[in-house]
Each structure stands twice: as structure tokens, then as C-alpha cells.
Amino acid sequence: MSKKIVILTGAGISAESGIKTFRGANGLWENHPVEEVASPVGWERNMELVLDFYNQRRQQLVKCQPNKAHFALVELERQYDVVVITQNVDDLHERAGSKKVIHLHGELLKMRSSVDENLVFDCLNDIAVGDKCPKGSQMRPHIVWFGESVPRMEDAILEVSTATKVIVIGTSLSVYPAAGLLNYATPESSKWLIDPDTIYVPPVANLEFIQKKATEGVPELAHQLLQNENCVI
Ligand code: NAD
């Protein structure tokens with residue numbers, strides 16, 4: 001169990017569960033410009049629209065199920081120490097059964113105080129204008145918006161820099177600082193990038209690009225890694 005696999009996931013791994021990616025729609029998130037629904041400025045400008053956007057995402061999420069790619073990553077835990085670092089705000093890794101999941105950009109099923117980011121609560125229902133935290137301020141989605149700091153980044157860097165294998169799945173690697181995580185992997189570690197599109201492949205050592213959908217590429221690679229645990233692949 002000493003071999004650590006770190007998995008970096010983005011919106012693409014949840015695409016086949018029915019949740020739209022972000023870049024796939026010309027930089028719009030479910031038809032909205034990101035600055036409208038995922039920035040502090042957008043929140044100040046129209047709180048009701050932002051709350052409604054995430055309420056809809058939450059309602060959609062509960063109807064979605066993890067797919068074969070999420071489940072294949074859980075299988076790896078039979079033989080490896082697996083840490084999933086995800087940019088996704090859905091809970092499909094957890095529902096599939098992944099034990100260690102770091103959410104870099106927050107979670108849809110949580111909400112937090114708009115004055116104290118450490119006051120975080122479960123959120124299974126809609127958030128409305130007027131829903132207050134114990135300190136008396138408006139509740140907001142527990143989502144890291146563009147321009148805000150990424151509190152779990154240090155944890156993520158530590159995990160990536162101590163991994164023997166790194167698998168990147170379904171991310172355009174265009175949202176920073178998450179996109180820079182691969183640079184912290186050691187040159188010796190084996191790395192794979194799984195994405196069906198012809199995307200930018202970063203120039204890092206030992207990186208193989210698997211041009212397949214997540215539900216195809218991830219189970220295949222997981223099978224290979226479980227079969228060859230003692231081989232250097
Ligand atoms: P992105 O939309 O920028 O990139 C998605 C990538 O997934 C693309 O490279 C695309 O080619 C690939 N892809 C599409 N279908 C795929 C499939 N079936 N299998 C594998 N890959 C597939 O996503 P990003 O890099 O994660 O950045 C988007 C940001 O928006 C993130 O910060 C995230 O928080 C947020 N977001 C989250 C969700 C979610 O939680 N599911 C959904 C949309 C956006």
C-alpha cells in the first residue's frame with residue numbers, strides 16, 4: 001500500500017454522468033459567463049441569480065450518478081494509496097466510494113457564511129436570499145470563485161509531490177492554480193492524461209496522453225495498473 005497514486009480530475013470525468021463541462025460550451029457554465037455566476041463581483045451584482053444558479057446545479061446533481069470512471073478509481077484502492085484531487089464541485093467521487101477526496105474548488109452540497117469562510121454547513125436544499133449564518137450574514141455556496149484563494153492548494157501540492165503515479169482526467173488544465181499542479185510531480189513519477197479531445201499536453205517528463213473518454217480510458221488504465229502493480233509502468 002506504500003505506492004501512492006494521485007488522481008487530478010476536472011469536469012470531464014463527470015460529463016458522462018450528465019453534468020456539462022465548462023470549456024465545452026465556449027467558456028460558458030450552463031449558458032452563463034463565469035464572471036456572472038462564479039466571481040465575487042457577480043455575487044455583489046446579483047446575489048439572487050448566483051444563488052439560483054447553484055440551486056439548479058444542486059438539484060441537477062442529486063439526479064446524476066457516478067459513472068464507470070469514478071468507480072474504476074475506487075478499484076485502485078485495493079492495491080494503492082489513492083488520493084483524488086478534484087476541481088469538481090459535485091460529489092460523484094464520494095458517492096462512488098473514493099475515500100480520500102480533496103475538493104479544490106469547494107462543494108455544491110455545502111454552504112458557508114459570506115463573512116467567515118470557516119463557517120461551513122451541509123446544504124441539501126436551496127439557499128435563499130435572507131438565509132443567514134450564525135454570525136448574521138447571508139449564506140453563500142461553498143464554492144471557490146474566480147479571484148478567490150484556493151484553501152486546499154497546499155494539501156494538493158504535498159500529495160502530488162509525493163506520488164509515484166499521477167493520473168489527470170477530464171480537465172482542460174486552464175484554471176489556475178489547479179492547472180499548475182502537474183508541475184509539482186517528480187520527474188520519475190509515471191503520469192497519464194486522459195481526455196477525448198486534442199488538448200494541450202504539458203511538457204512534463206513521463207507523461208502519456210490517452211485520447212479516450214473517461215468511461216473508456218480510466219477503467220482500462222486502472223485494470224492495467226492493478227495487473228501490473230509490481231511492474232514499472
Ligand atoms: P473544463 O470544462 O475546462 O474542461 C473539461 C475537459 O474535459 C476538456 O478538456 C474536455 O475535452 C474533457 N472532456 C469532455 N468530455 C470528457 C469525457 N467524457 N471524458 C474525459 N474528458 C472529457 O473543466 P475543468 O478543467 O475542470 O475546469 C472547469 C471549472 O469549472 C472547474 O474549476 C470546476 O470547478 C467548474 N465545473 C465543475 C463541474 C463539476 O463539478 N462537475 C462542471 C462544470 C464546471
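Figure 1. Trp-145 counts as buried because its relative accessibility is 2%; buried means under 20% relative accessible area, exposed over 50%, and partly exposed in between, with a 1.4 Å probe and protein chains only. Trp-43 is likewise classed as buried, at 6% relative accessibility. The structure is a predicted model, in which local features need pLDDT of at least 70, side-chain atom pairs count only at pLDDT 80 or more, and totals for chains, interfaces and linings use all residues. Residues are numbered from 1 along each chain as its sequence is written, and side-chain values use heavy atoms, with hydrogens and water left out.

Figure 2. Rings of Phe, Tyr and Trp (for Trp, the six-membered ring) pair if their centres lie within 6.5 Å; planes under 30 degrees apart count as stacked, over 60 as edge-to-face and the rest as tilted. By this rule there are seven aromatic pairs. One of them is the edge-to-face pair of Trp-29 and Phe-53, with 5.3 Å centre to centre and 80° between the planes. Trp-29 belongs to strand β2 (residues 28-29) and Phe-53 to helix α4, 24 residues apart; helices (H or I, at least four residues) and strands (E, at least two) are DSSP runs, numbered from the N terminus. Both Trp-29 and Phe-53 are buried. The pair of Trp-43 and Trp-145 is tilted, since the ring centres are 5.6 Å apart and the planes stand at 40°. Trp-43 lies in helix α3 (residues 40-45) and Trp-145 in the loop between β8 and α7 (153-161), so this pair ties together parts that are 102 residues apart in sequence. Phe-22, Trp-29, Trp-43, Phe-53, Tyr-54, Trp-145 and Phe-146 form one aromatic cluster.

**Figure 3. Arginine charges over aromatic rings.** A charge sits over a ring if NZ of Lys or CZ of Arg is within 6 Å of the ring centre and within 35 degrees of the ring normal. The charged end of Arg-140 lies over the ring of Trp-145, 3.8 Å from its centre. Over the ring of Phe-53 sits the charged end of Arg-57, 4.8 Å from the ring centre.

**Figure 4. The nonpolar cores.** A nonpolar core is a set of buried Ala, Val, Leu, Ile, Met, Phe, Trp, Tyr and Cys residues joined through side-chain atoms within 4.5 Å. The largest has 24 residues, and those with the most contacts inside it are Trp-29, Tyr-54, Leu-61, Leu-108, Ile-127, Ile-143 and Trp-145. Two or more residues of this core come from each of α2 (34-37), α4 (47-61), β6 (106-113) and β8 (139-143). Helix α4 gives the largest share, five residues. Apart from this core lies another, of 23 residues, including Ile-102, Val-144, Ile-157 and Leu-182.

Figure 5. Six of the six residues of strand β1 (residues 4-9) are buried, so the strand is largely enclosed by the rest of the structure. Lys-4, Val-6 and Leu-8 point one way from β1, and Ile-5, Ile-7 and Thr-9 the other way. Two strands pair if DSSP finds at least two bridges between them. Strand β1 runs parallel to strand β4 (residues 81-86), joined by six bridges, and Ile-7 has Val-84 as its bridge partner in β4. With strand β9 (residues 165-169), β1 pairs in the parallel sense over five bridges; here Val-6 stands opposite Val-166.
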